[in-house]
Every structure is written in C-alpha cells, then in structure tokens.
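Dear colleague,

I am handing over the structure below, and my notes on its pockets and one of its sheets follow. Please read them with the model open beside you.

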Amino acid sequence: MISAGDFRNGLTVLIEGNIYQILEFQHVKPGKGAAFVRTKLKNIISGGVVEKTFRPTEKFDTAHIDRKDMQYLYSDGELYHFMDVETFDQIAVDGDTVGDSLKFVKENEIVKVCSHEGNVFSVEPPISVELEVTETEPGVKGDTATGATKPAIVETGASVLVPLFVNQGDKIKIDTRTGEYSSRA
C-alpha cells in the first residue's frame, strides 16, 4: 500500500480496478482548505491518460508490472508467439494486444513483454532496430543537402520516410518509438 502523499513519477498503482502509471504529480496546498495531490495518470492497459486529485492520506495498492525479455518467434496471422529466453516457455499473444509495436521487429529478435499477474498487456520493441530497405526509388548522387525525404518499404513490410540518398538494399537504423529513420547502419 502507498499513500497519495508518497506518489512518484513512474510508479504503478491500482485505482478503482484499473492499473495506472503516474506520469506527473503535484502536491498542492491552497491558502484555504485541505492539501491535495494533483496527478496525471496513464491507464497502462488502454493507454488513456486521465487527471485526478487525491487527498494525501488516501491509500492505494501498488501494481507490480513484469517486464520480461522474450524472443519474438513468429506470427500465424492472429496470434504472435514469444519464447522466454531463460526457461524456453512459449506464449501466444493476440493481435489486439500487440498492435503496431512489432511493425519494425523481425522474427527471432528480443522484445520486452509486459504483464500484470500473468496477463500480457503490451509488447515493447527494442528502441532501435536495423532493417534492410526492400523497396524505394533509386537515390541520385548529390541528394544529401536538402533534408528531403522519400517513402521506403523495409523488410518487415513497414513504410518509413528516408533521405533521398538511401537506396534499395541499404541497411538503416529506425527509432521504434517514433517510427523514423535515424541513420545508415
């Protein structure tokens, strides 16, 4: 149990049956009336952000989130299969839970699978991945100074905007948080 007066950024708590991560908190002592804690909370299952206020003495259960490194094996259309790299146990996660998080991840790569009490609620890809460009317009020598971009398809099938000098067959680094090109590999 943790009281609202002890909230910290990044803490996960159970409020009204939902698991929230504290994004921001602020202790407020108005000139008149009792002090309170103003918070911005993110529902880790749905992703929605809400703002709530609490009395500093209100108590909540802390929610323990398991983040486990697992190897992404394959997708059979509706389920995504992962393997624990330590115990070799395999789990299957549905497409709604995975969402777009694996659009830059190749098979056999390591991802973080997040769960609460055994229920998987999200998959976090590595921050940066190296992928080969499979389809794009050919680059022209000298197209480096303008900062212009063109669309390219990478080996996972995802589309990325890349600089004009990138050619088909080049390996590029992509930031999976933003889905943007970061550099040549």
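Strand E11 (residues 119-124) gives the largest share of the lining of the largest pocket, namely four residues; strands here are DSSP runs of E, at least two residues long, numbered from the N terminus. This is a predicted model, in which local features need pLDDT of at least 70 and side-chain atom pairs count only at pLDDT 80 or more, while totals for chains, interfaces and linings use all residues. Residues are numbered from 1 along each chain as its sequence is written, and side-chain values use heavy atoms, with hydrogens and water left out.

The largest pocket holds about 320 Å³ of space (a pocket is an open set of points on a 1 Å grid over the protein atoms alone, with protein on both sides within 12 Å along at least five of seven lines, and lining residues have an atom within 4 Å of a point; a volume is the space filled by probe spheres, of 1.4 Å, set on points joined across faces, edges and corners). Of its 16 lining residues, Lys 42, Ile 44, Phe 121, Ser 122 and Glu 124 lie nearest the centre.

The second largest pocket has a volume of about 160 Å³, and strand E7 (66-75) brings the largest share of its lining, three residues.

Turning to the sheet, six strands form an open one in the order E1-E6-E2-E3-E4-E5, with antiparallel pairing (two strands pair if DSSP finds at least two bridges between them). Strands E1 (2-3) and E5 (49-54) stand at the edges with a single partner strand each, so one side of each is left without a neighbour in the sheet. Within the sheet, E3 (residues 18-28) and E4 (residues 36-43) pair over eight bridges, and His 27 stands opposite Val 37 in E4.

With best wishes
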